[in-house]
Amino acid sequence: MRNYFASESVAARYARGRPEFHASVIEKLRPHLEPWRFAAALDIGCGTGASARPLTSVARRVVGLDPSLAMLAHAGRSRAVDYVAGRAEALPFETGSFDLLTVSSAFHWLDRDRFLAEALRVVSPAGRLVVYDNFFANETEDGGAEGIGSWLREIHWKRYPYPPRASVEFAPGENVDPGFRCETRDEYQNLVEFTRDGLVDYLVTQTNVIAAVEEGDESMDEVRGWLLRDLAPFFEGHESRRLMFECPIWILRPR
């Protein structure tokens with residue numbers, strides 16, 4: 001699939017606008033992973049590093065991999081995480097190199113069969129592959145902006161439709177070819193506090209907006225201006241809103 005995150009402008013927006021929720025996922029995973037202390041973890045599609053950094057709490061060595069040099073440049077240098085440019089479908093690592101693999105909000109962009117074959121190759125026999133996502137649940141904490149879900153569905157997503165992507169779902173106990181088994185499916189909800197500007201910063205990191213801008217339908221200034229105007233009613237009398245996100249988590253292991 002097309003890489004929507006390759007340009008510097010997209011990477012800069014991503015680094016600025018994406019909420020930091022990944023540490024909560026690691027904490028949610030701990031009961032499923034105990035008593036594991038992993039020797040090496042690989043975060044695939046790490047982007048600007050937000051999903052790789054929390055892995056340092058459960059692994060002695062952490063590697064973040066992404067095909068976009070622009071995204072990796074925003075991850076910065078780190079003593080705790082090694083960043084590598086590469087594709088999920090051709091992992092540049094030796095067989096059995098990692099006992100934990102994670103994929104955050106990226107599995108739907110991958111060639112499923114090719115990636116899973118590579119993941120099976122580089123994960124240790126007793127290792128785990130964790131796939132998780134994070135998306136807006138169309139709810140607010142105080143119920144004061146109920147209309148934002150309808151606005152997203154009826155206005156925002158119609159103006160900026162999402163480009164095609166693969167679906168992601170695994171059932172507990174399901175055999176996932178070429179050689180994994182879904183061990184667990186879990187989920188949690190997390191609240192993210194946004195100002196109006198902050199919510200715009202988040203929305204312009206999503207591929208529906210990226211596609212519109214990259215294909216020349218609108219400029220980023222036009223997109224931001226429209227979003228600020230259309231979101232104004234939801235923030236009237238409020239400096240910020242706490243929006244609910246849902247995060248499904250799948251844990252797979254070699255079979």
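A: The buried residues of helix 2 are His-22, Val-25, Ile-26, Leu-29 and Leu-33. These residues lie on the same side of helix 2, because they cover an arc of only 95° around the axis; the arc is that of the directions from the helix axis to the C-beta atoms. Buried means under 20% relative accessible area, exposed means over 50%, and partly exposed lies in between, as found with a 1.4 Å probe on protein chains only. Helices (H or I, at least four residues) and strands (E, at least two) are DSSP runs, numbered from the N terminus.

The model is a predicted one, in which local features need pLDDT of at least 70 and side-chain atom pairs count only at pLDDT 80 or more, while totals for chains, interfaces and linings use all residues. Residues are numbered from 1 along each chain as its sequence is written, and side-chain values use heavy atoms, with hydrogens and water left out.

An α-helix has 3.6 residues a turn, so residues three or four places apart point the same way.

The length of helix 2 can be examined next. Its 12 residues, 22-33, should span 16 Å at 1.5 Å a residue, and the end C-alpha atoms are 16 Å apart, which agrees. The expected span is 1.5 Å times one less than the number of residues.

What covers this buried side? The cover over the buried residues of helix 2 includes strand 1, strand 4, strand 5, strand 8 and strand 9. Contact means heavy atoms within 4.5 Å. With a relative accessible area of 7%, Val-58 is buried.

Glu-20 is found in the loop between helix 1 (8-17) and helix 2. Glu-20 is exposed, with a relative accessible area of 59%. Apart from neighbours within four places in sequence, Glu-20 is in contact with Ala-50 and Arg-53. The C-alpha atoms of Glu-20 and Ser-51 are separated by 8.3 Å, although these residues are 31 residues apart along the chain.

A nonpolar core is a set of buried Ala, Val, Leu, Ile, Met, Phe, Trp, Tyr and Cys residues joined through side-chain atoms within 4.5 Å. The largest one has 27 residues, of which Leu-42, Leu-101, Val-103, Phe-115 and Leu-129 touch the most other members. Two or more residues each come from strand 1 (38-44), strand 2 (59-66), strand 4 (98-104), helix 4 (112-122), strand 5 (123-132), strand 8 (180-195) and strand 9 (240-254). Helix 4 gives the most to this core, with four residues. Beyond its neighbours within four places in sequence, Leu-129 has contacts that include Leu-101, Val-103, Phe-115, Phe-180 and Trp-250. A second, separate core of 24 residues includes Ile-148, Tyr-160, Tyr-202 and Val-209. In soluble globular proteins, nonpolar side chains tend to be buried together.

Ser-105 is found in the loop between strand 4 and helix 4. At 19% relative accessibility, Ser-105 counts as buried, and it has a positive phi of about 50° although it is not a glycine. Most residues other than glycine have a negative phi, and most peptide bonds are trans. A cis peptide bond joins Asp-177 and Pro-178, with omega about 15°.

On a 1 Å grid over the protein atoms alone, a cavity is a set of points where a 1.4 Å probe fits but cannot get out, and a pocket is an open set with protein on both sides within 12 Å along at least five of seven lines; lining residues have an atom within 4 Å of a point. The lining of the largest cavity includes Ser-105, Val-131 and Trp-250. The largest pocket is lined by 45 residues, and Phe-5, Ser-105, His-108, Trp-109 and Arg-165 lie nearest its centre.
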